[in-house]
Each structure stands twice: as structure tokens, then as C-alpha cells.
Amino acid sequence: MQSMKNNRKTVLKFTAIFLFAMVLISGVGRMRVYADTPYKTYTIDGYGSINETMSAYLPVETITKFGDEALSGPNDLCVTNDGEIYVADTGNGRVIVGDIDGRLIKIIGKGTLAAPMGVFVTKNKHIYVADRDAEAVFEFDPSGEVLNKYTKPDNPLYGKSLSFQPIKIVVNDAGVMYIVCQSNTNGIVEISPTDGGTFLGYFGTNFASSDIMIIIQRAIMTDAQRAKMVSNIPSTPDNLAIDNKGLIYTVTRGDKTRTLKHLNIAGTNLFGDLDYADIPAAVTAGNHDNVYVVDQRGYIYEYNNEGELLYVFGGPDDGTQRVGLSTIITAIAADNSDRIYTLDSDKAQIQVYHSTEFTDLLHEALYLYSKGRYTESKEPLVKVLQMNSMFDYANMAMGRAYFQEENYEMALYYARLAKDYEGYSDAYWEIRNLWLKKNLVTALLIIVLIYVAVKVIKHLDRKKHILDRPRALIAKIKENRVMSNLGYSKYFMRHPIDGSYGIAREGRASWIAPTILLVIFMAEYVINKYLCGFLQKTVREGRYEIFSDIGLVLVVAVGLTMCNYLICTINEGEGTVKKIYTYFCYCLLPYILLTPVKFVLSHVLTTNEQFLISMLDMLILGWIVVLGVLAIKEVNNFKPSETAKVIALTVFTILIVALLIFIIYVLWAQVFQFISAIFGEVVYRLGY
């Protein structure tokens with residue numbers, strides 16, 4: 001009886017193994033996986049830092065063949081609205097058509113195509129193929145019959161010496177073709193279907209990178225020398241896409257902050273200079289005024305309609321062959337269900353990614369906002385923020401939705417959360433306008449009352465001498481040595497030459513008054529750094545490094561004083577350590593007096609008015625530099641040439657000292673790590 005039970009278990013075991021093997025064999029061409037993602041998803045916060053966020057897309061399918069037809073070195077794909085997948089199967093010289101389930105629908109161009117590198121399908125199912133080796137663009141009807149063949153334009157504007165090697169193509173609703181040709185740096189070739197193909201010109205030409213040093217070199221070189229230099233020519237676009245409005249996207253490697261462009265009908269880039277994919281391979285438009293870019297290594301970037309990054313996910317295969325990781329990506333597409341398809345040329349397979357609930361909610365909000373339905377867009381945004389309250393793009397979108405509803409207080413709140421400086425400025429502008437309309441009369445009345453009060457007090461002082469006691473008290477305070485030197489710093493700021501003479505020869509050098517000024521400087525520096533207006537803040541909210549800031553100021557003050565004293569002494573200057581310390585601290589007075597003004601302005605000015613603060617910064621810096629240069633010259637009794645020499649040597653000495661401190665710090669850190677390792681080893685062994 002026990003033997004029969006064992007035999008039955010054995011039969012069931014082998015049956016299960018057999019059925020599992022059959023499932024694997026039948027699904028070789030198409031695999032569906034629902035597991036944890038093999039990569040992390042990142043986004044950029046308002047500070048420009050890359051942070052991990054919730055998974056935006058899940059890799060769920062891999063298509064290695066359609067029916068029994070495998071791919072060989074594919075280079076492009078296009079997905080139609082009804083779910084058909086068209087792949088430029090370059091190695092096999094054909095376009096293969098299938099569906100997401102791995103079924104083969106048809107094969108196009110076999111025996112006609114040589115090396116199809118790009119494929120595009122129009123709404124009426126006409127298939128356009130960019131064939132590099134055939135030096136032609138083929139147009140097929142839905143059944144696969146050749147309708148037209150477009151070769152090199154017979155137009156002198158195209159360029160007689162240029163070859164016609166199309167590698168990527170898109171077509172607008174009017175049938176106008178936009179073609180990327182290999183090694184053609186003039187831009188995208190634009191061809192109309194009329195008269196067998198009419199060359200309309202070049203579109204979206206990239207600009208050659210300019211460098212001031214290269215411009216100067218070329219200006220002074222001879223013709224022979226310039227001929228030997230590497231030509232400064234624009235880059236050829238690597239790939240392109242078209243959205244449902246007929247606008248073109250292009251990606252170009254090595255174009256720094258312009259690797260991704262969104263071109264209008266005039267060929268003008270609608271995106272600003274932002275950070276995009278490093279080595280982009282392909283681009284495609286989404287369904288929510290968004291755009292996807294994939295780089296060659298397999299990283300997928302999603303941007304909104306303003307070129308702002310939403311997500312980065314995917315990545316290169318680390319040898320584990322996990323679904324969702326890639327080797328060499330050459331194409332990307334998106335369907336109506338927000339599925340993303342990437343084509344791996346090296347693996348000859350298609351990866352399919354499905355959006356998560358988090359992404360679906362964000363897309364819904366993007367769609368509603370783009371249609372002007374701002375109130376409705378807040379509902380999905382609230383859900384997004386419930387999932388990830390630190391997702392800055394959702395906070396930014398929420399703020400902009402409130403702004404459109406004229407709820408400026410809430411718009412200001414969310415803009416600050418998202419570090420959306422533009423949105424914050426716009427909301428604050430409206431709030432300030434409302435405040436001025438409500439309180440302008442009151443504010444003017446207060447100013448008038450203050451003016452009248454001052455006039456009345458001055459009149460009473462002339463008649464009744466009501467300010468005699470305060471004046472006497474102030475005069476008594478000024479007699480104090482420390483207070484007298486503090487007041488002298490103001491004279492030094494206004495008359496640096498005479499003030500320097502007082503420091504050098506009239507006993508105005510001291511330790512206490514300059515130190516008081518240095519302490520005030522440190523306090524204002526810390527307060528302005530952490531409590532200034534949002535638009536001027538350069539540090540993260542909630543992060544304070546006050547002791548480091550104070551330490552930095554002290555190190556700079558001591559280092560500057562000692563380095564300048566050393567150089568002045570070597571050059572027979574008359575300044576002592578006390579005198580040099582005094583004039584350096586006195587030079588800080590413009591900062592001390594004007595920073596409170598700057599602090600107040602930072603809380604009341606918008607982005608368009610920030611130039612006032614920049615001008616104030618330049619005034620402060622320029623004033624301090626002038627005071628410092630004149631003080632070095634006058635206190636040490638240097639000539640102008642000697643002063644310039646001393647300043648240069650002081651700067652050089654400071655750099656040397658900073659380098660030595662850095663080296664000592666690195667060496668000490670290594671010694672500390674060594675001692676910590678030994679201590680840890682001893683503790684570990686004693687534990688046994």
C-alpha cells in the first residue's frame with residue numbers, strides 16, 4: 001500500500017515537471033514576469049539632487065520572436081494604436097510585424113529592403129522604411145506592396161557631395177517625411193511626397209558648440225593652421241519622434257544640455273537648456289504631453305511637456321539576464337495603454353514595461369492639467385502625494401493647480417515644498433499685489449505720520465532741547481575706547497586712505513573692536529544664509545551647519561591675517577599683526593551695514609526683481625575689495641606695484657596653506673581609519 005502511494009507521488013511529480021517544461025517551451029518567444037523590479041526608479045527634487053522614488057514602471061514581458069521568426073540585429077520599432085508592433089529587422093533585411101503576445105502578423109519588404117534602420121507607420125497603416133544601404137526610403141501599403149521609393153533629392157540645396165543614407169524617419173499627417181541621414185550634419189531632411197519627392201530643406205539643425213578659446217585661436221591662426229584643426233561642425237541627430245500635434249522631438253548625443261529638443265513647425269527648440277540623458281539612443285512621445293527618452297545603456301527617462309524630468313528607471317544588464325535590464329538599446333515606443341517598448345539590438349529582443357498605479361495617477365493629473373481642468377487634477381495629485389509626499393513634481397503640479405484657481409496661499413505653500421522657485425515667485429507676486437491694494441493707503445499714512453513726528457521732535461528739540469540728555473549719553477558712550485574704535489570703522493569705510501593712516505600711525509589698531517565686528521559679521525552671515533527669503537536661499541530646508549560656518553569664517557580670518565602679515569613682513573611692510581587684523585575686520589563693515597537691507601529685500605522681492613539683490617552683492621564685494629587694497633597699500637606704506645605683488649603673493653600663499661591643510665586632513669583621516677581598524681580587530685579577537 002505504501003509502495004503504491006510512493007508510485008503515485010512519483011507520477012504526479014513527473015507530470016508536474018513535464019507540464020512546467022511544456023509551458024516554458026511554448027512561451028520561449030514571449031515571457032511574462034511579475035516580480036520585483038531589478039532596478040530602482042529615481043527622480044530629481046527641487047534642489048537638483050537625484051532621489052529614489054516609487055517604481056514608475058514594471059518590466060513584465062520580453063518578446064524574442066514573433067511566431068517562429070527570430071530577430072537579427074534590429075534597429076527600430078513602431079507600435080500602432082491597434083497594438084501591432086513593427087520592427088526594422090536589419091539583420092534579416094525586412095520589417096516584421098507582430099503583436100504583444102508574440103504572434104506573427106506579416107513580413108514586409110523581404111527581398112526589397114537591404115538594411116532597414118528605421119520604420120514608421122501612419123494612421124492609415126502606410127509603412128515608411130529608412131533603408132541605409134539601399135540609400136532610399138520605401139513606402140509600403142498595409143498589405144506590404146511598395147508604393148513609392150524616395151532616393152537622394154535632386155536638388156542643389158541638399159548638397160551634391162552628400163550621400164543619402166536614411167537611418168530614422170517619421171511622417172506627419174500631410175505625408176511630409178522627416179528623415180535622419182547618417183553623417184549629414186545639416187539637420188533633418190524634410191521631403192514632401194509631391195512630384196515623387198520634393199526636397200523642402202533641412203529642419204532642426206543643431207548648432208556647433210562654441211568655445212571662446214577656439215574662437216580666439218582661429219582668429220589668430222593662419223589658413224594652413226586652421227586647416228589642421230578639427231572642424232567645429234554641428235552634431236547629427238541620432239533619432240527623432242513626432243507627437244499627435246505634428247511637433248518633432250530629436251535626441252543628439254554629446255550636445256550637453258540640448259541632447260533632447262522639442263521642435264515647433266519653425267524648427268525652434270521649445271525646451272530650455274536642461275540636463276537630459278547622457279547618451280540618448282531614441283525618443284518617443286507619450287499620451288499625456290509627456291516624452292520618453294532611452295539611452296543606449298537601457299536607462300529610460302520620462303519628461304513632461306516642459307522638459308522637466310519625472311522619472312529615470314531601467315539600466316544595463318549586469319550579467320544576470322533579468323527582465324527589464326538591457327545591453328544596447330536602439331529604439332523606444334509607447335502605446336495607448338501607456339506600455340513602453342524598448343528594442344535591445346544586442347539581445348535581439350523587445351522589453352515591455354507597464355505603468356504602476358503611482359504613474360497612472362500622475363499621468364491622469366498631467367492630462368487634466370493640460371486640458372485646463374485644474375480642480376480635477378488635484379484629486380489624483382493628492383493620491384500621488386499620499387503614496388510619496390516627497391515627490392516634488394507632484395507638489396509642484398499641485399501648487400500650479402492652486403495658482404490657476406487663484407488660491408495663492410496654497411500655491412505658495414506647495415511651491416515651497418517642491419522648491420519651485422518660478423511658481424513661488426508667481427504666487428508671491430499675486431499675494432503681494434493683493435496686500436498692497438488692501439494696505440497701501442494705511443502704509444502711506446504711517447510713513448506720513450513718521451515724517452511728521454520726526455519734524456515735530458526736531459522742532460521741539462530746537463525750542464525745548466528735549467534731546468540734550470540722549471545726546472550727552474551718546475557722547476559719553478563714544479568716549480569709551482572700544483566704542484570710539486567701532487565708530488572709527490565707519491570713518492574708515494568712507495575715507496579708507498585717511499582711515500588707514502589712523503590705523504598705522506594714530507593708534508586706531510586694536511583687538512576688541514575688530515573682533516566685535518567679526519562676531520557681528522558671523523552672526524549676519526549665518527542669519528542671512530538660513531533665514532533669508534525662499535528665492536535667495538541656497539541651502540536645504542531644515543539643514544543647519546552653523547558651527548561649520550563659524551569655523552570657516554574664523555579659519556579664513558586667521559589665515560588671511562597671518563598670510564598677509566607673512567608676505568608684508570618679507571616685503572618690508574610696516575603692518576603688524578594687530579594692524580592687519582584691524583583693517584581686515586574694518587573692511588567687513590559694508591557687508592555688516594548692507595546685509596540687513598539685502599535680508600529684508602530677499603523677503604519682499606520676486607524673481608524678476610532679484611537683480612536688485614545681485615547689484616547689492618556686487619556693491620558689497622566691490623566696496624570690500626577696494627577697502628582691502630587701499631588698506632594694504634597705506635598701512636604698509638607700499639607703492640601700487642608693491643601692493644599688487646603683495647596681494648598676488650598673499651593669494652598664492654593662502655592656496656598653498658589650503659592645500660597643506662587638505663593633505664594633512666586626508667593623511668589624518670587615513671591614520672584614523674587605520675587606528676579604528678586595529679581597534680576593531682582587537683575588540684573582535686578579545687571577544688573570543
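Which residues of the largest nonpolar core touch the most other members? In this predicted model, that core comprises 43 residues, and the members with the most contacts to other members are Y57, Y311, F313, L362, F391 and Y393. Several secondary-structure elements each supply at least two residues of this core, namely the strands β23 (291–295), β25 (309–314) and β26 (329–334), together with the helices α4 (357–370), α5 (374–387), α6 (392–404), α7 (408–418) and α8 (421–464).

The surroundings of F313 can be set out residue by residue. When residues up to four places away in sequence are not counted, F313 touches Y39, K40, T41 and Y57, as well as G298, Y299, I300, I340 and Y353. Of these partners, Y57 is also listed, like F313 itself, among the core residues that touch the most other members.

The loop between α7 and α8 holds D420. The relative accessibility of D420 is 7%, and because buried means under 20% relative accessible area, this residue counts as buried. With neighbours within four places in sequence left aside, D420 is in contact with M396, R400, A415 and F534.

Two packed helices are described by the angle between their axes and the distance between the axes. For helix α12 (residues 512–531) and helix α14 (residues 577–586), the angle is about 35° and the axes lie 9 Å apart, while the crossing of the two is left-handed. On the side of α12, the contact is made by A513, P514, T515, L517 and L518, and these meet Y581, T582, C585 and Y586 of α14. Classified by residue type, the contact between α12 and α14 consists of seven nonpolar and two polar residues, with no charged residues.

Strands of a sheet pair through backbone hydrogen bonds, either parallel or antiparallel. An open sheet of three strands, with the order β19-β20-β21, shows antiparallel pairing. The edges of this sheet are formed by β19 (239–242) and β21 (260–263), each of which has a single partner strand, so that one side of each is left without a neighbour in the sheet. On average, and with direction ignored, neighbouring strands of the sheet are turned by 20° against each other. Strand β19 and strand β20 (residues 248–251) run antiparallel and are joined by four bridges, and within this part of the sheet A241 stands opposite Y249 in β20.

Definitions and conventions
Residues are numbered from 1 along each chain as its sequence is written. This is a predicted model: local features need pLDDT of at least 70, side-chain atom pairs count only at pLDDT 80 or more; totals for chains, interfaces and linings use all residues. Side-chain values use heavy atoms; hydrogens and water are left out. A nonpolar core is a set of buried Ala, Val, Leu, Ile, Met, Phe, Trp, Tyr and Cys residues joined through side-chain atoms within 4.5 Å. Buried means under 20% relative accessible area, exposed over 50%, partly exposed in between (1.4 Å probe, protein chains only). Contact means heavy atoms within 4.5 Å. Axes are lines fitted to C-alpha atoms, for helices over the stretch in contact, and angles run from 0 to 180 degrees between N-to-C directions. A crossing is left-handed if the near helix is turned anticlockwise from the far one by less than a right angle, and right-handed if clockwise. Ala, Val, Leu, Ile, Met, Phe, Trp, Tyr, Cys and Pro count as nonpolar, Asp, Glu, Lys and Arg as charged, and the others, Gly among them, as polar. Two strands pair if DSSP finds at least two bridges between them.
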